[in-house]
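I opened the notebook to look up a few local features and the pairing of charges. These are my entries, in the order in which I took them.

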There are 2 protein chains.
Amino acid sequence: MNHDELFVKMALSAWNTHIQRMNKFLEDFSDEQLYTEVAPGKNRIIYLLGHLIAVHDNMLKLFSIGDRLYAHLDEIFLNSPDKATTTFADADKLRSYWKKLNDILSVKFNQMSTSDWFAKHAAISAEDFAKEPERNKLNVLINRTNHLAYHLGQLQLVKKS
Amino acid sequence: MNHDELFVKMALSAWNTHIQRMNKFLEDFSDEQLYTEVAPGKNRIIYLLGHLIAVHDNMLKLFSIGDRLYAHLDEIFLNSPDKATTTFADADKLRSYWKKLNDILSVKFNQMSTSDWFAKHAAISAEDFAKEPERNKLNVLINRTNHLAYHLGQLQLVKKS
């Protein structure tokens, strides 16, 4: 395995580990419990779930691997804070979105070649990318993993232990 | 810049971004405020600071780039939960440890060659590394960045906004 393949493997492994942690977290909570705030006055679990779906759904477009599935979530979960609007609050629906999106991303990610991962993402111009080749798809994946870890840290606070 | 150099740059950039976020966080809090819990009954900021120092200090040994500076923190901040012992609680001292450690890690990381980053870390045998070459120093850096992001997510909850 060359270094390129190795690095993609490392970045994907970190991503998958964190997705699995989120899956495990969701299994441990009932739909009703998803309306709990992670700390008094802070975001509810359901909001963070919607927020993560919206952010990850954007990767389909950013990586040019498919059309967005849940763009209608952006207004509620990206552009508005929790409890700002009559929040879309169907826990069951969000759970199924989360699962479907992960299934699709997993298939698409596995189809991407090493050179795909080092290619520019859709939100940077060819000119800028020529100057900053580190702004590739793999870098987005690394950043999204850190973003997911950040929110998992918050979700962990709701747990009993 | 070849792909190897690019990975290292990407991974170091994510690390540095999160260290800077932690620095910014610490600037915004007085020593007294560091004794606040991130949520009711949860870890205090001071504990998370000590925990991050202990985890990052271990990287010196793990990367074979120096002797540990603050191994005495492990007992309190790695092996024990917050408030379990008469906690080492000198905020000023922990701030200076955090700064000194980051200064040293920054210098050492910048001195490491690309092949150093892809080499095995100190906690894996040559035999295991031959089978799992992804268990290299760069992978540790990626994992530690996710770990830092995880705790930054918790610390963010203490902020007013």
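Entry 1: I keep in mind that the model is predicted.

Entry 2: I then went back along α2(B). I count 18 residues, spanning 26 Å from the first C-alpha to the last. That is close to the 26 Å expected at 1.5 Å a residue. Next I checked burial. In α2(B), 16 of the 18 residues are buried, so the rest of the structure largely encloses this helix.

Entry 3: I looked at B:D57 and found its side chain in a salt bridge with B:R68, at 2.9 Å from N to O. B:D57 sits in helix α2 of chain B and B:R68 in the loop between α2 and α3, so the pair ties together parts eleven residues apart in sequence. Both B:D57 and B:R68 are buried.

A:D57 forms a salt bridge with A:R68, with the closest N and O atoms 2.9 Å apart. A:D57 is in helix α2 (residues 45–62) of chain A, and A:R68 is in the loop between α2 and α3 (74–77). A:D57 has 0% relative accessibility, so I log it as buried.

**Entry 4: a lysine without a partner.** Which side chain of opposite charge is nearest to B:K42? I find B:E37, 9.6 Å away. B:K42 is buried and has no salt bridge. I place B:K42 in the loop between α1 (3–27) and α2 (45–62) of chain B. Leaving out residues up to four places away in sequence, B:K42 touches A:L157 and A:K159 in chain A, and B:E37, B:D82 and B:K83 in chain B.

**Entry 5: where B:E37 pairs.** I followed B:E37 next. Its side chain meets that of B:K83 in a salt bridge, 2.7 Å from N to O. B:E37 lies in the loop between α1 and α2, B:K83 in the loop between α3 (74–77) and α4 (91–111), 46 residues apart. B:E37 is partly exposed, at 31% relative accessible area. B:K83 is also partly exposed, at 40%.

**Entry 6: total.** I searched the whole structure and got 22 salt bridges over all chains.

**Entry 7: the two chains.** I superposed chain B on chain A. A rotation of 180° with 0.0 Å of shift along its axis does this, at an RMSD of 0.0 Å. That is the relation of a two-fold axis. In chain B, B:Y150 comes closest to the rotation axis, with its C-alpha at 2.0 Å. Both copies use the same surface: 100% of the contact residues of chain B recur in chain A.

Definitions and conventions: Residues are numbered from 1 along each chain as its sequence is written. Chains are lettered from A and ligands numbered from 1 in the order in which they are written. This is a predicted model: local features need pLDDT of at least 70, side-chain atom pairs count only at pLDDT 80 or more; totals for chains, interfaces and linings use all residues. Side-chain values use heavy atoms; hydrogens and water are left out. Helices (H or I, at least four residues) and strands (E, at least two) are DSSP runs, numbered from the N terminus. Buried means under 20% relative accessible area, exposed over 50%, partly exposed in between (1.4 Å probe, protein chains only). Lys and Arg count as positive and Asp and Glu as negative; His and the chain ends are not counted. A salt bridge is a side-chain nitrogen of Lys or Arg within 4 Å of a carboxyl oxygen of Asp or Glu. Contact means heavy atoms within 4.5 Å. Copies are superposed by least squares on the C-alpha atoms of residues with pLDDT of at least 70 in both. The expected span of a helix is 1.5 Å times one less than its number of residues.
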